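Please keep the sequence and the structure in view while reading.

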Amino acid sequence: MRALMMLFAVGCYFAFFATFLYLVGWVGGFDFMPTHVDKGPAMAPATAALVDIALIALFGIQHSAMARQSFKDGWTKVVSPVLERSVYLLATIAVLFILFRFWSPIEGTVWSVQNETGRMILWGMFWLGWAILFISTWLLNHFELFGLQQAWLHLRGKEAAPPRMRTPLFYKSVRHPLYTGFFIAFWATPDMTYSHLLAAVGFTAYILVGIAYEEKDLLRVFGNEYAEYRKQVGKIIPGIGKQG
């Protein structure tokens, strides 16, 4: 049974990684993608906007609600705590699949940078955002974040060490570098269409709401240590969003 749990966790990890790569291409709007932020089922603009907002809301509700400790306390009575994170990844994959499948583009362009140097700078920032996000997962505990450590420790009959507060590299400048990466990746584009703008605004709103709930959990776990950290370090932009 422990070996099967390990295999399940590994399968969820690689399925999520493939979905994450699709998300990068979806946000980038690359022509070779089957669907992306500017390619999907055609609808009237008002209908498309409502559908797209509902899809973002679905992602936000799933991604934030399932990450809350109150949800986990009930959920782990049904699902083994060892696989809680892996099942969370599966749910995220399902919601992203729905987003990719039913997102409806909205015609129109907010800006389009024609200068080649400007375009290169914005594409560089796009890739920098994803790089910051990916590196940030390794700065704390990549394998715990994606459910592999839990299954591995269970396989070996060991218990996880108690969580401890750490602030490596990006975490010295911003409290949520994962979200910083998302923020940069969604907004850094040489061709900002109405569809892309809606996605950027929607996911930015999700980020801000998600941070509020996440920080409540972090304060509960780390107490005054995290409270002091919030006073000294910005939220997703260095120096901005310090909270006393």
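## The second largest pocket

The second largest pocket holds about 170 Å³ of space. On a 1 Å grid over the protein atoms alone, a pocket is an open set of points where a 1.4 Å probe fits, with protein on both sides within 12 Å along at least five of seven lines; lining residues have an atom within 4 Å of a point. Grid points are joined across faces, edges and corners, and the volume is the space filled by probe spheres set on the points.

The lining consists of I53, I56, A57, G60, I61, S64, L198, V201, G202, A205, Y206 and V209. Helices α2 (45-65) and α9 (194-222) each contribute at least two residues to this lining.

## Basis of the description

The model is predicted: local features need pLDDT of at least 70, side-chain atom pairs count only at pLDDT 80 or more, and totals for chains, interfaces and linings use all residues. Residues are numbered from 1 along each chain as its sequence is written, and side-chain values use heavy atoms, with hydrogens and water left out.

## Salt bridges

The whole structure contains five salt bridges, each defined as a side-chain nitrogen of Lys or Arg within 4 Å of a carboxyl oxygen of Asp or Glu. One of them joins the side chains of D217 and R68, at 2.8 Å from N to O. This pair links distant parts of the chain, since D217 lies in helix α9 and R68 in the loop between α2 and α3 (69-75), 149 residues apart. Helices (H or I, at least four residues) and strands (E, at least two) are DSSP runs, numbered from the N terminus. D217 is buried, with a relative accessible area of 18%, and R68 is buried at 13%. Buried means under 20% relative accessible area, exposed over 50%, and partly exposed in between (1.4 Å probe, protein chains only).

D191 forms a salt bridge with R119, with the closest N and O atoms 2.7 Å apart. D191 in strand β2 (residues 191-193) and R119 in helix α5 (residues 116-139) are 72 residues apart. D191 is partly exposed, with a relative accessible area of 27%.

R175 lies in the loop between α7 (148-155) and α8 (177-187) and E215 in helix α9, so the pair ties together parts 40 residues apart in sequence. Both R175 and E215 are buried. Salt bridges that share partners join R175, E215 and R230 into one network.
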